[in-house]
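Welcome! Please take a moment with the sequence and the structure below, and then let us walk through them together.

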Amino acid sequence: MLKLYLRSETELRYHEAWIHGSKITEHWGLAGERGETAMHKCDKHQSESDNLLSVLAKPLSHGYAPLDEDDFEVLLIEFAIEGMGNKKDLSKRHALEDRMNETLGWTGLGHCDGGSIGSGTMEACCLVVDFEIAKRVIAADLAGTKFADFTQIIQE
């Protein structure tokens, strides 16, 4: 997978591509929105990297670029639990991690990087490109679900 970003004074845009089988999915849009997708055939005579670069040549020429690890912000979704937690809490956190990978991935905002549990709280840790946009998207995504009982979304 290759993820590219372009930040202007007013918006953050993403453009990414990944290979699955003999196809390449290209996905792009405004950070925080699901964006658009297009499918491409892999050129079996090119490497995986060259296939991705071919699909992303136009955005690269328009200033889109990958971000460094240091450009991501740490966002924590916190839940109150009893003591050190139990198997049900851990299952809930794993389900939340999967949901956040989907939500953040399809909106160009980042991914979930695991979590922690114990001492009265449980957290899912997400690496995001823009904390404020991600916080808004996550809160909306969790509303009305079994995850709506989070206590806070914080920037670490």
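D89 sits in helix α3, which covers residues 87–106. Keep in mind that this is a predicted model. D89 is buried, yet it has no salt bridge. Its nearest side chain of opposite charge belongs to K92, 6.5 Å away; a salt bridge would need the charged atoms within 4 Å. Setting aside residues up to four places away in sequence, D89 touches I81, I117 and M122.

Now follow the helix to its surroundings. α3 lies across β5, β6 and β7, and runs at about 165° to β6. These strands belong to an open sheet of four, ordered β6-β7-β5-β8 with antiparallel pairing. At the edges stand β6 (110–118) and β8 (152–155); each has a single partner strand, so one side of each is left without a neighbour in the sheet. On average, neighbouring strands here are turned by 25° against each other, ignoring direction. Between β6 and β7 there are seven bridges, and H111 stands opposite L127 in β7.

What about the nonpolar residues? In general, nonpolar side chains of soluble globular proteins tend to be buried together. Here the largest nonpolar core has 26 residues, and L75, I77 and M100 touch the most other members. Two or more residues each come from β2 (12–20), β5 (73–80), α3, β7 (121–128) and α4 (131–142), with α4 giving the largest share, six residues. Beyond its neighbours within four places in sequence, L75 is in contact with residues including A124, F131, I138 and I153. Apart from this core lies another of eight residues, among them L4, A17, I24 and Y64.

Notes
Residues numbered from 1 in each chain as written. Predicted model: local features only at pLDDT ≥ 70, side-chain atom pairs only at ≥ 80, totals over all residues. Heavy atoms only, no water. Buried < 20%, exposed > 50% of the residue type's maximum accessible area, 1.4 Å probe, protein only. Lys, Arg positive; Asp, Glu negative; His and termini not counted. Contact = heavy atoms within 4.5 Å. Core = buried A, V, L, I, M, F, W, Y, C linked by side-chain atoms within 4.5 Å. Pairing = 2+ DSSP bridges. Axes fitted to C-alpha atoms, helices over the stretch in contact; angles between N-to-C directions.
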